Amino acid sequence: MDAVRHILPDPRQYHPQVSLTNRLIHHAQSVLDAPNADDREMWRQGLAGAMDEMLQRRELLSISVALAMVPSQACYQVVWDALRQTVEGGSANVALFALPLVLVAGSREQATLPAEIADIDGLNDLLRRHGVFADGDAVLGGALLHPDSLTGLDAAKLYEMSRQGADARNGLPNQPAPITVKEEGVFLRYLLGAAILRDGAEPPVKLGGSVGAWGMPVMQFLGEQLKTDGVTLFPIARPPLPAMQALVAGNFARFEVALQVFASSQIRRLRELDKEPVAILSAHDNGELHFTLSAKGDDRNWEGFVWPLASLDNVKLIEENFRELMRECHVRDVHVLPELQPESRDGVPLFFTADDL
């Protein structure tokens with residue numbers, strides 16, 4: 001099995017011939033090309049200094065251009081890491097963080113979930129009891145925020161707010177985004193919070209890592225808070241992360257869970273029809289991954305799933321997780337196509353089924 005891993009091509013468009021006259025790209029590429037650790041650190045410090053200057057002057061266009069014109073994903077990662085580390089570090093005296101929530105919901109009739117956690121004090125207390133929050137210096141707000149609300153906090157705003165201490169809490173977005181459910185769906189929301197950083201003290205919130213013993217009680221708590229007549233709900237909380245990182249991790253988690261929901265439903269459907277599922281994963285030149293589950297000799301009962309790749313999505317990890325998911329579902333006929341495919345064929349989005357192989 002190991003020999004066939006990681007054969008999926010990365011379909012995203014990069015600019016390998018772009019001029020390195022862009023200051024940020026030049027520094028980032030120099031980090032990657034550095035012959036030793038000292039040179040690498042020198043270029044990394046130079047990149048951080050340039051990023052700090054740009055954020056202070058709110059030169060977001062220059063940063064966006066660099067991220068859009070990188071010659072490789074490795075270079076993108078270096079520029080983005082410098083950006084988030086500059087926002088989160090240095091003279092920051094408050095950590096703006098978010099708890100991503102993936103909500104798997106189903107309902108026969110149209111229904112709307114609550115857009116806020118009514119007992120947010122109870123949730124904060126629960127997280128303190130489990131050691132995720134140390135004390136009252138870390139607090140989550142109760143509004144379930146749409147990803148767009150976090151995107152609206154651009155890097156310059158986060159940079160400024162991270163240096164406002166307790167006052168930063170007053171500037172956090174508070175636009176609850178209701179979720180309307182009809183049949184089945186996977187939704188992404190965020191709970192946004194702030195943690196005051198004290199000189200010489202450990203941060204009062206544990207950021208990142210894995211979901212620990214707090215995962216199940218938080219899931220049960222959220223299930224009660226968001227309970228809605230006629231709706232089956234599975235709330236999945238991911239570890240709190242600094243706001244920029246939470247956006248990336250939350251988006252990945254939503255597609256990962258949505259793929260699991262799609263696969264389990266379609267595999268069950270095919271087996272109920274007494275058909276053996278065939279799983280296919282392909283990469284397409286519009287930056288998407290296409291997944292299909294179909295059966296040989298059946299051109300009607302196939303279903304497809306699309307994963308539009310974000311800039312920091314790891315293609316190798318997605319392929320690895322897909323193979324593992326198929327093993328868990330006991331699907332033996334699994335195909336990962338090693339060539340980059342066109343977006344469409346004869347004007348129709350291209351999905352491969354068992355009879356195409």
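Before anything else, note that the model is predicted.

I start with the sheet. Four strands make it up, and it is open, with the order S8-S7-S6-S9 and mixed pairing. As a reminder, strands of a sheet pair through backbone hydrogen bonds, in either the parallel or the antiparallel sense. Which strands stand at the edges of this sheet? They are S8, residues 298-308, and S9, residues 333-336. Each has a single partner strand, so one side of each has no neighbour in the sheet. On average, neighbouring strands here are turned by 15° against each other, direction ignored.

Now one pair in detail. To find one on the screen, look at Ile-280, whose bridge partner in S7 is Thr-292.

Next, the helices on the sheet. Helix H9, residues 243-272, packs on it and touches S7 and S8. The direction of H9 makes about 170° with that of S8. Helix H10, residues 315-328, lies across S6, S7, S8 and S9, and runs at about 170° to S9.

On to the cores. The largest nonpolar core has 77 residues. Leu-83, Leu-289, Phe-291, Trp-307 and Met-326 have the most contacts inside it. Which element gives the largest share of this core? It is H9, with 14 residues. Take Leu-83 as an example: leaving aside neighbours within four places in sequence, its contacts include Met-51, Leu-55, Ala-155 and Met-244. Another core, of 31 residues, lies apart from the largest one, and Ala-95, Leu-127, Leu-140 and Trp-214 are among its members.

Leu-127 brings us to helix H5, residues 120-129, where the buried residues include Leu-123, Leu-126 and Leu-127. Among the elements covering the buried residues of H5 are strand S2, S3 and helix H8. After H5 comes Gly-131, with a positive phi near 80°.

Last, Ser-162, in the loop between helix H7 and strand S3. Is Ser-162 buried or exposed? Its relative accessible area is 4%, and the cut-off for buried is under 20%, so Ser-162 counts as buried. Its side chain reaches the backbone oxygen of Leu-158 at 2.6 Å. Beyond neighbours within four places in sequence, Ser-162 is in contact with Val-87, Ala-92, Asn-93, Val-94 and Leu-96.

That is the end of the talk.

Technical notes: Residues are numbered from 1 along each chain as its sequence is written. This is a predicted model: local features need pLDDT of at least 70, side-chain atom pairs count only at pLDDT 80 or more; totals for chains, interfaces and linings use all residues. Side-chain values use heavy atoms; hydrogens and water are left out. Two strands pair if DSSP finds at least two bridges between them. Helices (H or I, at least four residues) and strands (E, at least two) are DSSP runs, numbered from the N terminus. Axes are lines fitted to C-alpha atoms, for helices over the stretch in contact, and angles run from 0 to 180 degrees between N-to-C directions. Contact means heavy atoms within 4.5 Å. A nonpolar core is a set of buried Ala, Val, Leu, Ile, Met, Phe, Trp, Tyr and Cys residues joined through side-chain atoms within 4.5 Å. Buried means under 20% relative accessible area, exposed over 50%, partly exposed in between (1.4 Å probe, protein chains only). A polar contact is a pair of N or O atoms within 3.5 Å; within protein, one must be able to donate a hydrogen and the other to accept it, and residues adjacent in sequence count only if both atoms are side-chain atoms.
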